[in-house]
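Thanks for coming. I will go through one model today, element by element. Please have the sequence and the structure open.

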Amino acid sequence: MKFRLLGGVEAIDGVAPLDVGPARQRGVLAALMVDAGRVVPTEDLVERVWGAARPRRARPTLYSYLSRLRGVLGAGAALRRRAGGYLLAAEPEAVDLHRFRLLCARARTAPGDEAAAGLFGEALELWRGTAFGDLDTPYFNLQREAADRDRHAAALDHGDVLLRLGRHGALLGELFARAEAHPLDERVTGQLMLALYRGGRSADALARYRLTWERLREDVGGEPGAPLRRLHRRILAGDPTLADIGTGDPTLAGAGTGGLTPADIGTGDPTLAGAGTGDPALAGPGHPDPVAAGGPGPAAGGGPWQVPRQLPAPPAVFVGRQRELAEVDRVAAAGAAMAVVTIGGTGGIGKTTLALHWAHRDIARFPDGQLYVDLRGFDPADDPVPASVALRGFLEALGVAPSEIPADLAGRSALYRSVVAGRRMLVLLDNARTSAQVEPLLPGSPACTVLVTGRRQLAGLVTSAGARPLTLEALPSAEGRELLVHHLGTSRAAQEPEAAAALVAHCAGLPLATSIIAARARIQSGLTLAALAEELDDRSARLDALDAGDLNADLRAVFAASYRALEPPLAAAFGLLGAAPGPDIGLGAAAELIGQPAGRTRAALRRLTAAYLLQEHTPGRFHMHDLVHLYAAECCAADQPDGTARLARARLATHYTDDAIAADRVLAPQRTPIVASPGAPVKDAMAWFAAEHDCLLAIQRAAAEDGLHAEVWRLAWALDTYQWRRALLAERVAMLETALPATGAHPGAAALNHRLLGRAYVPLGRHDRALHHLHLAVAGYETAADPDGQAQTQLNLALAWEHAGDDRQALTHAEANLRIRATLAGPAREAEALNAVGWYHARVGQHEDADGYCRRALAICRAHGFLETEAYTRDSLGYIARHRGRPAEALRHYGGALELRRMLGDTYEEGDTLTHLGEVYVALGRPKDAATAWLAALALFESQGRTREAAAVRRRQAEGGTPR
């Protein structure tokens, strides 16, 4: 195996180069090549590869690169681990840099010029380009400079040898190129002058001296050194010894290598002291002094204007984003000032794809050219590009000579703005990290348009340059599917439509994720889409599945670039947010989770939002993309002490439980409390539950996994009222089923949970399950000697038998509830019991008795403000009045019940009340009002999945409002 550093980092297995990975990974291999055969301490490796920009997890990342390199180099790899570090177990001559230096040493001690020339030639042929390629850290820059010096010295020594051998003709072209590359190197100039003279071109040799003289005076304020001046005089005099083959110019011989020291440059000939005109020989006829004669200096402005065409190729696949494209169109067409659009979003969301698509689509707008630079602000393997480096590339692309480019950032920026002034150009600044990195690259001309992509909100550009911020969101599912089909092909996607849909869902609208999984499907053509979908279905391994084996096709690596840019406290907050269950989070919950005051938490959330790792989708509520959420959880597990996430989730569960109990107290103040002092009450409990419902479901599941039993069953209790009113029947049952195992050590909680679960099964038509749990509740409350619980269970049994169609059995349980309530204090439960007995009397046709019980209940409700029980009672009285032939009275009671239902947000019972109102309207001869009421009821039933009730309403609609 051979290794190369002289023109990029390569490993050659036989004759075939191996893929040794992205820049950082190549850097690890290069750092070991420099010390081939010697152990490099691990800390030195980190320093060489990253320098001052080392990431927080440098060692784990280094180990990852080393592991990948072992895989690339094979089982017999020369990459070995040793105590304290690693080594490349290869002979130095296997690395071209070491072989180059060894050949040069042999050449300088060779017995003759022919042998020396052959060795120097072999050494120089090893160079293929820039040493160490694109590696850019202080260590590699120093190594590159040292290698370049050695190469230059070898080339000069080789030149001396070839001149002595009389091969000046073959050497001439190389010397011209070397002189242009090193215009102030007097040894190179001397070799070129000697070669020209020996080739019969004395005038050209003298002209070369004059050019070097002018450059030295202009650039360093000095004159040629004594050796070069002596050579010039000998050429003028036609010294015959200069033509002798076998000798170089003895006046140019240096200390061992023939080179000139820096002190030699600019030392004038003592004979010219005070004259300031250079070599006196130049002052004679035919050789005027260039300065005295007013000869031209270096050309100003550097060179002719060039039209740059730097845009990378357009994206092969592009779907959707029509709104965003239209917005870029609008900003670019404004014309009043330089158009600047910042395109932001999380890693992999498609920022560069959008920018390149728009740029190529509208390329005709920019006839003066397009500039592009990848600023590598969040590159998985490389450091950000300094603005000064980017400007140098721009200026060279615009035709400015390298010698005319200022050394300082301000000078380069000013020259750049001057060169592009008035020109219609597009500047695409890709993957920016900060506003400060971008601002020097803004052209400043109204005729230019600038697109900036990045993973941070570049607020500085918005304030200083009037940039229009554009944030990319996840693709809608339809566009996500379109993207997948574009990558896979229509036929393959059509062969497994369900698997394709699952892939789209798991990629969650992130274009890079979709592209990666499609790439895996294309590369592994024997792998079915169903197999890929199954792999993605496992949340714990989903990010592993979204890795196609390259840093740019590894979603985890893309996210890691953003994560590494976070300061440690912010990284910790990011990880804890990933450990939180639920689709989003509010400020108060986030503060409990992170364990910081609200003010600090708000600042952290704002900064994570600015980094596009978090999104404030509604004011005060924050959401992570699903795949970012998975990555954040991984970071928390890897970088935080053991148990940190579990403790944070415990704080969060307690916070949610206390707030849910407090909110339920607002919804149903008559319920028997389960804790003495819940959290602070909320103003709008229904709105709070609506915002937090999905989070509460998730936190209960997480609490069950973490063994937080009290929070599990208390959350189920606290959500019971809200879920009933919103007809969230399946969710209600699921929470209560989850709570059952958590109540094992708490008999009272177990009986309560069985009672609630039995009641929850009733509207689902699961009579057997309802009775099973209600009978377990009865037994539990008897064991616990809890009469309140026994009474409520009797009331729930009445409801179960009503839904089973046995109203007389229901009345028996309702009366048992009332008898127990008579022995207990509590007007709220008494009113509830009286209404239940009245309702079931009405259901069995005993309307007179029913009316009496319900009116007693109504009086208690009005006296104490029990709105929910009043709504039930008014509904009962409406039913009684309707069946006693009093439609106007029924209308009044049903109308009052409907008003209360809507005030309470009880959409479940609202549908039933609207249905009854429709019947009353029919009885009153108002079919249009009946139709309106039934339409509203039907909409509620359909949204709640209550198919039986919806079918009954449709039947009444079909009957045309005929009175019953």
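One cut-off before the details: a residue counts as buried when its relative accessible area is under 20%. What we have here is a predicted model.

I will begin with leucine 66. This residue sits in helix 3, which covers residues 58–73. Leucine 66 has a relative accessibility of 1%, so it counts as buried. Which residues does leucine 66 contact, leaving aside its neighbours within four places in sequence? They are Val28, Leu32, Leu79 and Tyr86. Take leucine 79 from that list: leucine 66 and leucine 79 are 13 residues apart in sequence, and their C-alpha atoms lie 8.2 Å apart.

Strand 5, residues 79–82, pairs with strand 6, residues 85–88, in the antiparallel sense, over 4 bridges. Tyrosine 86, which is in contact with leucine 66, is the bridge partner of arginine 81. There are 2 residues between the two strands, and in the turn glycine 84 has a positive phi of about 85°.

Now back to the start of the chain. Here 3 strands make an open sheet, in the order 1-2-3, with antiparallel pairing. The edges are strand 1, at 2–4, and strand 3, at 16–17; each has a single partner strand, so one side of each has no neighbour in the sheet.

Strand 1 and strand 2, the latter at residues 10–13, are antiparallel and share 3 bridges. Two of the residue pairs can be named: lysine 2 is opposite isoleucine 12, and phenylalanine 3 is opposite alanine 11. The hairpin of strand 1 and strand 2 has 5 residues between the strands, and glycine 7 takes a positive phi near 130° there.

How many bridges join strand 2 to strand 3? There are 2, and the strands run antiparallel. Aspartate 13 faces alanine 16 of strand 3. This hairpin has 2 residues between its strands, with glycine 14 in the turn at a positive phi of about 80°.

Next, the helix pairs. Helix 5, residues 113–125, and helix 6, residues 138–164, cross at roughly 145°, and their axes come within 9 Å. The crossing of helix 5 past helix 6 is left-handed. From helix 5 the contact involves Asp113, Ala116, Ala117, Phe120, Gly121 and Leu124; from helix 6 it involves Arg151, Ala154, Ala155, Asp157, His158, Val161, Leu162 and Arg164. By class, the residues of this contact are 8 nonpolar, 2 polar and 4 charged.

The second pair is helix 8, residues 186–198, with helix 9, residues 202–219. These two pack at an angle of about 165°, and their axes are 7 Å apart. They are therefore roughly antiparallel to each other. Helix 8 passes helix 9 in a right-handed crossing. On the helix 8 side, the contact is made by Glu186, Thr189, Leu192, Met193, Leu196 and Tyr197; on the helix 9 side, by Ser202, Asp204, Ala205, Arg208, Tyr209, Thr212 and Leu216. That contact divides into 7 nonpolar, 3 polar and 3 charged residues.

Is histidine 168 buried or exposed? Its relative accessible area is 16%, so histidine 168 is buried. Between histidine 168 and alanine 195, which are 27 residues apart along the chain, the C-alpha separation is 5.0 Å.

Strand 7, residues 339–344, pairs with strand 11 in the parallel sense over 4 bridges. Threonine 342 is the residue opposite proline 469 of strand 11.

Key. Residues are numbered from 1 along each chain as its sequence is written. This is a predicted model: local features need pLDDT of at least 70, side-chain atom pairs count only at pLDDT 80 or more; totals for chains, interfaces and linings use all residues. Side-chain values use heavy atoms; hydrogens and water are left out. Axes are lines fitted to C-alpha atoms, for helices over the stretch in contact, and angles run from 0 to 180 degrees between N-to-C directions. Angles under 35 degrees count as roughly parallel, over 145 as roughly antiparallel, 65 to 115 as roughly perpendicular and the rest as oblique. A crossing is left-handed if the near helix is turned anticlockwise from the far one by less than a right angle, and right-handed if clockwise. Contact means heavy atoms within 4.5 Å. Ala, Val, Leu, Ile, Met, Phe, Trp, Tyr, Cys and Pro count as nonpolar, Asp, Glu, Lys and Arg as charged, and the others, Gly among them, as polar. Two strands pair if DSSP finds at least two bridges between them. Buried means under 20% relative accessible area, exposed over 50%, partly exposed in between (1.4 Å probe, protein chains only).
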